[in-house]
Amino acid sequence: MAVINIQLFEQLKEELNREDPVPVSIQIGKKLEEMIKQGTLVPSAKLPGDMQLSQVLDVEYRTVRKAVSKLVEKGLIKRVKKSGTFVNEGIAVTAPNIGFFYFIEAESAMLKYAELMQKFFDRHKFDFKIIGFEEDYFDRVDLYQEVKRR
């Protein structure tokens with residue numbers, strides 16, 4: 001069983017916008033779902049209890065309970081009596097995509113930067129694609145579709 005660093009949830013606390021019209025419970029749920037789907041919260045990892053999580057996030061216990069219950073309904077996490085709350089196994093992890101396009105004429109200069117960028121994005125769990133193109137490329141191709149295709 002993986003142990004989750006409580007600092008992940010302290011970062012989440014900083015990202016909560018209490019002035020936002022979106023309820024805090026929904027913000028918490030969306031962020032936790034994102035963390036699960038990106039692999040930050042790994043399958044079978046035990047989450048902090050609702051009470052502990054509410055203290056870390058500085059929100060009411062019921063707010064956390066509501067957010068976690070929605071994730072249980074979605075099948076992303078499971079509650080096990082007298083054991084705790086765990087990230088479900090078998091959830092497809094999806095990395096956000098970043099596409100970087102450059103002119104083929106500049107390829108030799110770009111290659112030295114590409115390696116550094118790839119290392120950075122790998123560390124942050126991004127799917128990074130570097131694509132060279134000819135001068136008239138923008139006239140012929142939908143960039144979004146091209147990144148998805150590659």
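Two strands pair if DSSP finds at least two bridges between them. The model discussed here is predicted.

Q: How do you know that β2 and β3 are paired?
A: Count the bridges. There are 4 joining β2 to β3, and the cut-off is at least two. So β2 and β3 pair. The two strands run antiparallel.

Q: What makes β1 and β3 a pair?
A: The same test applies. β1 and β3 share 2 bridges, and at least two are needed. So the pair counts, and its sense is antiparallel. Look at the residues: L47 has T85 as its bridge partner in β3, and K46 stands opposite F86.

Q: What makes β1 and β2 edge strands?
A: Start with the order of the open sheet, which is β1-β3-β2. Both β1 (46–47) and β2 (77–80) pair on one side only.

Q: Why does the length of α4 agree with its number of residues?
A: Compare two values. At 1.5 Å a residue, the 14 residues of α4 (residues 61–74) should span 20 Å. The C-alpha atoms at the ends are 20 Å apart, so the two agree. After α4 comes G75, with a positive phi near 85 degrees.

Q: How do you know on which side of α4 the buried residues lie?
A: First, name them: T63, V64, A67, V68 and L71. They cover an arc of only 125 degrees around the axis, which puts them on the same side of α4. In general, an α-helix has 3.6 residues a turn, so residues three or four places apart point the same way.

Q: What covers the buried residues of α4, and what does the face turned away carry?
A: The cover includes α2 (24–37), α3 (50–57), β2 and β3. On the face turned away from the buried side are R62, K66 and E73, which are exposed.

Q: Which residues are in contact with S25, leaving aside its neighbours within four places in sequence?
A: They are T63, K66 and A67. Among these, T63 and A67 are buried residues of α4, while K66 is an exposed one.

Key: Residues numbered from 1 in each chain as written. Predicted model: local features only at pLDDT ≥ 70, side-chain atom pairs only at ≥ 80, totals over all residues. Heavy atoms only, no water. Expected span 1.5 Å × (residues − 1). Buried < 20%, exposed > 50% of the residue type's maximum accessible area, 1.4 Å probe, protein only. Arc of directions from axis to C-beta. Contact = heavy atoms within 4.5 Å.
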